[in-house]
Amino acid sequence: MADDGPTPVHLSKLLDGLAENPALPIELVRRLVRHRRGSGHVAMRADLTPDLIEEILASGYHWLLHSLALNRQLPHAVRMRLAAHADPAVRAALVVGARDAPRELHERLIDDPEPRVREYLAQRDDVPADLLARLATDPEPQVRATLARWWTRAPEAVRRVLLTDPVDSVRAAACSTYHARLPHPVPPPDLVAGLLADPVTRTGAVRHAVLTPDLAARLAGDPDYQVRRQVAEHPQLPPPVRDLLAEDPSANVRVGVFRRPDTPEPTRHRIYAGIQQGERPLTDFLGDDLDDDALVQQVEDHLAVSELRHLRLDWVTANPLPHLSSPYICFRRSAARSPALPADAVLRLLDDDDNGVCTTMARHAPHLVDPTTAERIDSGFRPDKKTDWRPADVLPLPASTLRRLATDPDPRMRCLAPRDPDLPVELTERLAADPDSTVRQAVAGHPRLPAHARRALLADPSEWVARTTAAAPTLPVAEMERLLTLAGL
């Protein structure tokens, strides 16, 4: 292979890509270990030999040691050595990387002087219960709060300690509407009254209370709209209080009433229309002279519009047929999650005007999705939150479609073309020269990419394109060696 060619723009990113390349020969791994710049990702490889591990341990280079601590394949003896390392960031990384580690390691770290190490331990589900229980009385409140959020199956004695903690943030985490794992814990019945009386825990305690008419009326007047939202969703809510909350000034609370199965349809429609009409872009709030609480409430009202689209209604999923033509998107999306829909209902939802309904239905019945429908659904997919997932991940398109998409006007669709392993060489070359960097990144590892196009991608102005090219197992060893030589390794 010729030594001339475009000079890489992002050499450090190329080395990061090489570090992750599963086809990097061990002798080149050894050369990369000697690199004392960058993120040290090479230390996370599963194929490290004992002598390379020793070299990393002796290097003293923080990022190599940090990455080594994150390595899931690390021998236990090496982990024990890292548990005594002077750098607390290395010890904290060790907790993250040491899945299913022996008790000996957890015993060594449970009293670590660095709170972050103990906080990470509090998030683990493989730490012995007796050791986790010690964190319920940890001197650092953040450690106790983390334990409360993550250890949802803690023994009752531990839950009692956390629910009655003297620090507000710990009690709030222990009695919350959200926990990091399922199932969400239920507080002991004798503590519920006290939790309701405490403003810090009241929101999380509502769902566990026996909601008498008097209690419902009192909580419906709580100044905290989050408390009122929990009341609005309570299964024992009396109809008069439900109707009162349907007129609540908070859109968030009204969403709680909207989602109830017993809400009268005229009320549901009025809530829906009112929230939609009140929608304002978040930028509109920047000029308002609002105090912090009012601004938070305005933002919550704005988010209520999005929540109306994404509500998951189990009672609709359980009885989907009456809701196939619902005017509410969230009802149709919930219906599409049903595993028992007849074929004609599936086809109807696959043809819904809302892409979220189509996508949900396709994920639950991929065997009924033809290539034309799959392409349409993927083409219209625009998630509200950033995600790498797309419908084509579960709705594979035929090679003929993928090849046609190589010249599609939409770069999102051109990104799908390299999923054809037999994509013609001329199309891979065309995609490698695409003006959109996401398309070039998608084709960077294709096995049929010509050598000159691959080398051009190594010198791509986009660091992500260059890194992806270097990380691809299709990269020739000669190119790997060239990059290491350019880096002086």
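**Nonpolar cores.** I started with the largest nonpolar core of this predicted model, which holds 125 residues. I looked up which members touch the most others, and they are Leu18, Leu68, Leu82, Leu245 and Phe258. I then listed the contacts of Phe258, leaving out residues up to four places away in sequence. Phe258 touches Arg268, Ile271, Tyr272, Leu308, Leu311, Tyr328, Cys330 and Phe331. I also noted a second, separate core of 14 residues, with Ala406, Leu427, Ala432 and Leu457 among them. As background, I wrote down that nonpolar side chains in soluble globular proteins tend to be buried together.

**Helix 24.** Next I checked residues 355-364, which form helix 24. I recorded this helix as mostly covered, since eight of its 10 residues are buried. Which residues of helix 24 are buried? I found Asn355, Gly356, Val357, Cys358, Thr359, Thr360, Met361 and Ala362. These buried residues pack against three elements that I noted by range: helix 22 (329-336), helix 23 (343-350) and helix 25 (371-379). At the start of helix 24 I looked at Asp354, where a side-chain oxygen comes to within 3.0 Å of the backbone nitrogen of Gly356.

**Cavities.** How many cavities of 30 Å³ or more are there? I counted two.

I took the largest cavity, with a volume of about 70 Å³. Its lining consists of Leu15, Asp16, Ala19, Leu32, His35, Arg37, Ser39, Gly40, His41, Val42 and Leu64. Helix 1 (residues 11-20) supplies three residues, the largest share of that lining. I sorted the lining of the largest cavity into five nonpolar, four polar and two charged residues.

I then turned to the second largest cavity, which has about 60 Å³ of space. I listed Arg159, Leu163, Ala174, Cys175, Ser176, His179, Pro185, Val186, Pro187 and His208 as its lining. The lining of the second largest cavity divides into six nonpolar residues, three polar and one charged.

How values were computed: Residues numbered from 1 in each chain as written. Predicted model: local features only at pLDDT ≥ 70, side-chain atom pairs only at ≥ 80, totals over all residues. Heavy atoms only, no water. Core = buried A, V, L, I, M, F, W, Y, C linked by side-chain atoms within 4.5 Å. Buried < 20%, exposed > 50% of the residue type's maximum accessible area, 1.4 Å probe, protein only. Contact = heavy atoms within 4.5 Å. Helix = DSSP H or I, 4+ residues; strand = E, 2+ residues; numbered from the N terminus. Polar contact = N/O pair within 3.5 Å; in protein donor to acceptor, adjacent residues only side chain to side chain. 1 Å grid on protein atoms, 1.4 Å probe; cavity = no way out; pocket = protein on both sides within 12 Å on 5 of 7 lines; lining within 4 Å. Points joined across faces, edges and corners; volume = space filled by probe spheres on them. Nonpolar A, V, L, I, M, F, W, Y, C, P; charged D, E, K, R; others polar.
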